[in-house]
Amino acid sequence: MSEKETTSPLERGTRKMDVLMRAFGMRTRIFKGSSRSIVKGTRKIYPYELNATVIETARGVGIRIQLEKLWYTFLKFIPFLLLIIISLLSYFVPSIGDNIASVTGVNPFKLVLGSEPGFIGLWIILPILGLIFIGVEILERIIRARYIQDRMPRFLSGAEWEIAEPPIVLDTVSTSSNLLWFMYVVMILIFAPLSFSDWVYTKFLEVYKVESSAIFNTTTLISILDIAILSGMMFAILYMNYEKFRGSLDRKQFRYDVRVESQVRQMIQIATGTTILATFELVLFYFMFWNNITVIQVIIFYVLTVAASVLGTWLFWQKENYIFIALSIWFFLSDVVMIFLNANDPSYSWMIICHLFLILFIVGISLNRYFEGYLAKKGMYEPSWIFNPFPFFAFVILLKKKKVRITKSVDKELEEIRDEEMVTRVREREPLTIDIDKIKKKGKGADKIIQYYQKILSRIVTGEFSILSITTLNSQILEFLREKKELVPQTKELFIVIDKLLWEDNYKLQNGSKYVKIAEQMYEIVIKMR
Amino acid sequence: MEEGKTMKFSKLIISLFVLTTTLSTLSIPIGVLGEETGYTSPLNFFQIGGDTNFTAYVVAPLSWELNKPVNLTLYINVTVLPEGSNMTIVSLSYSYNLPNSPYPIYQTPSTPNEMITEANQQVVDRKILRAPSDVEEFNITIKIIANSSSSPENQEFEMEFPGDLPYIEVEDTSANPIINLPGFPESRTFWRWILIFFVAMIIMTLPASYVAFMKIQQNLKSRKKKGAKKK
């Protein structure tokens, strides 16, 4: 580092805050004042703001973290709100859907809500799910802000940066929200023909020579398997990307007593996460598409989701794209099996056709990976858009074409700051050489004070001193004075003066004789003690 | 040593393979021949118009495989035919008699309409038939409708196959087709669904299409630049 930079503690603190915020994947802006500066961090793709005010005080640099634009989180409620509105319309004015169905053959209400939705259940579960997603995200942000607030002073005073263990449960819930809507789209695709109006649907059944209930049961069963495997594997992708995004920063803090082998830990986290996601899916889809789900199917759903997530994690370690290949293989092989099953039971006919198209769907989704590279070019390494059915904020940011500082260099900058701190620490440990001639110029009696100080120190320890040893010795001397408490304030004053004599270049000593006396007294006490 | 062992092993496998393929290829013509020869039913004697005699017999296998075509050949020989007179075979009809059903199953009749003018002339009718489903055994009734110059009205003659044995066996050894590939749903359902599918697909792949769009735009721009430079 050049000498020009790293001057005042305020500037250093601001720079550290800036680097740290960028390490969290934020776009930063800095406002500087004489005694305070504000670092504003904005999440790049999913916008919310974090303000860090760095203030210079007499005792050092203080910091205050504030959350801003929390209202963005409430945008997550929009899809829930839409569904609630549609379900209300469908319940109170079903004629709208019927009229559209008589013209187009597709009842939009049935298409979106399933052919026999449980309205009361939906009205209860949709707000609850929405509030869980919003609440969890707000809570997560508050917790993260608190972490920064708590750890920042130590970080600013030279301690190595450590972020606390991420709130795993909260993290997985917010990861789930993208996937829940993705799975919802898949469910609509699977169940769409079963919701078409009668004059279309009867013909559909005639062609395949199936009864309506048979095709419904089979479609439910296969969709349970599909959703379980899709959500398990895709959860692995999303969660691992979040973990990559947070980088090594978060991982350091994992408590040692609960530390499992890191890979096992990841698997366990993802398995718990998918269990939560599976619960959300089950609860939501039960009132929409899976009306006739059995207990055994529920168990199958949970087991398969967790198994798929573990398999997905393992595949992710090999290569991320293997997961998409595995998904395509699942759709293809299950298709082959269903073709054989179909010989005795024609109710599989629809899912065989549907799986063919779902393979295409998976291929389409896997192409979205290219978007990641495109965002990375713009300096955005944030996975919040992945599997989002409509990544609105990502597009807004891209279309705005804002120039952002690239996050990639953050690790390097953090490393530089650490190196810099190491240099100062090494200097603190080096043997101290005192230039008496320089000190003499600082005032009358200055050299005498330092000489007494030297004598006191040599009484306590032998050998060389460094800055670090002096600070510990000072506290030890204060310990000796425990019995003569009246001397403590004087001594402290003396230490400050000595500090300034040793290191402050432009210091002028006043009342030198007073401090010489105090030093003499101190020396006598130390002689008596030792 | 080990190499030698593996060599022997591979040789063994190759020879086994060759043996099985030759055996299986041999078995095909044997099967075909077996079908061709089949079983010859006893001779039936018929008389038409008091002066014309003819015989008929059928050659066909005694066990029919389900869902497989079987060759059945009917031979009619005119033994006695006075000079100057003739005989015409108008039609030949075949019907299956199932053991527990009073109604016979009629097959498409053949109408040779062949006029026979000399004795010892032969009429051959080859049919390709299939065994009836859902039964283990059955027999065939063959009706010959003929007339002659001495009795110009059509007369009906009946014979049975296999004649001296009660039934033909139906073999159900060959499995049912185990693959039932459904076609696409009929167009009414399908185009509605495919529309929904494409809408979903477009929404889900928006990020990918955005990248593709930008790449194309970039390429066009760079091409224009290159073109300008050349000029």
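How many helices and strands are there in chain A? Here are some notes to read alongside this predicted model.

1. **Chain A at a glance.** The answer to the opening question is 20 helices and four strands. Chain A has 530 residues, and 52% of them count as buried. Its exposed surface comes to about 25900 Å², with carbon and sulfur atoms supplying 60% of that area. Take the contacts in chain A between residues at least 6 apart in sequence: 72% of them join residues at least 24 apart.

2. **Chain B at a glance.** Chain B has three helices and 12 strands. Of its 231 residues, 34% are buried. Chain B exposes about 15000 Å², and 59% of this comes from carbon and sulfur atoms. For contacts in chain B between residues at least 6 apart in sequence, the share that joins residues at least 24 apart is 63%.

3. **The largest nonpolar core.** This core holds 118 residues. A second, separate core has 36 residues, among them B:Val58, B:Leu66, B:Leu81 and B:Ile116.

4. **A look around A:Phe285.** Leaving out residues up to four places away in sequence, A:Phe285 touches A:Leu180, A:Met183, A:Tyr184, A:Met187, A:Ile227 and A:Trp290.

5. **A:Glu137 and its two partners.** A search of the whole structure finds nine salt bridges over all chains. One of them joins A:Lys76 to A:Glu137, with the closest N and O atoms 2.4 Å apart. A:Lys76 sits in the loop between strand 4 (60-68) and helix 2 (78-92) of chain A, while A:Glu137 belongs to helix 5 (residues 119-156) of chain A, so this pair ties together parts that are 61 residues apart in sequence. The side chain of A:Glu137 also meets that of A:Arg141 in a salt bridge, at 3.0 Å from N to O. Here the two partners are separated by about one helical turn, because A:Glu137 and A:Arg141 are four residues apart in helix 5 of chain A. Are these residues buried or exposed? A:Lys76 and A:Glu137 are buried, and A:Arg141 is buried as well.

6. **A salt bridge between two helices.** A:Glu493 forms a salt bridge with A:Lys514, and their closest N and O atoms are 3.5 Å apart. A:Glu493 lies in helix 19 (residues 488-503) of chain A and A:Lys514 in helix 20 (residues 512-529) of chain A, so the pair ties together parts that are 21 residues apart in sequence. A:Glu493 counts as partly exposed because its relative accessibility is 35%. A:Lys514 is also partly exposed, with a relative accessible area of 40%.

7. **A network of charges.** Salt bridges also link A:Arg29, A:Lys40, A:Glu49, A:Glu68 and A:Lys69 in a network.

8. **Where the two chains meet.** Chain A brings 43 residues to the contact and chain B brings 29 residues. Between them the chains bury about 3400 Å², 78% of it on carbon and sulfur atoms. A:Leu189, A:Phe357 and A:Tyr374 supply 16% of the area that chain A buries against chain B, more than any other three residues. Which kinds of polar link cross this interface? The rule finds zero salt bridges there, but it does find six residue pairs in polar contact. On the side of chain A that touches chain B, helix 12 of chain A gives the most, with 11 residues.

9. **A:Asn178, a polar residue inside.** A:Asn178 is found in helix 6 of chain A. With 9% relative accessibility, this residue counts as buried. Its side chain reaches the backbone oxygen of A:Ile386 at 3.0 Å. Setting aside neighbours within four places in sequence, A:Asn178 is in contact with A:Leu238, A:Ser384, A:Trp385, A:Ile386, A:Phe387, A:Asn388 and A:Pro389.

Key. Residues numbered from 1 in each chain as written. Chains lettered and ligands numbered in written order. Predicted model: local features only at pLDDT ≥ 70, side-chain atom pairs only at ≥ 80, totals over all residues. Heavy atoms only, no water. Core = buried A, V, L, I, M, F, W, Y, C linked by side-chain atoms within 4.5 Å. Buried < 20%, exposed > 50% of the residue type's maximum accessible area, 1.4 Å probe, protein only. Contact = heavy atoms within 4.5 Å. Areas by Shrake-Rupley, 256 points an atom, 1.4 Å probe, with all protein chains shown as cover. Salt bridge = Lys/Arg side-chain N within 4 Å of Asp/Glu carboxyl O. Buried area = accessible area lost by both parts, 1.4 Å probe. Polar contact = N/O pair within 3.5 Å; in protein donor to acceptor, adjacent residues only side chain to side chain.
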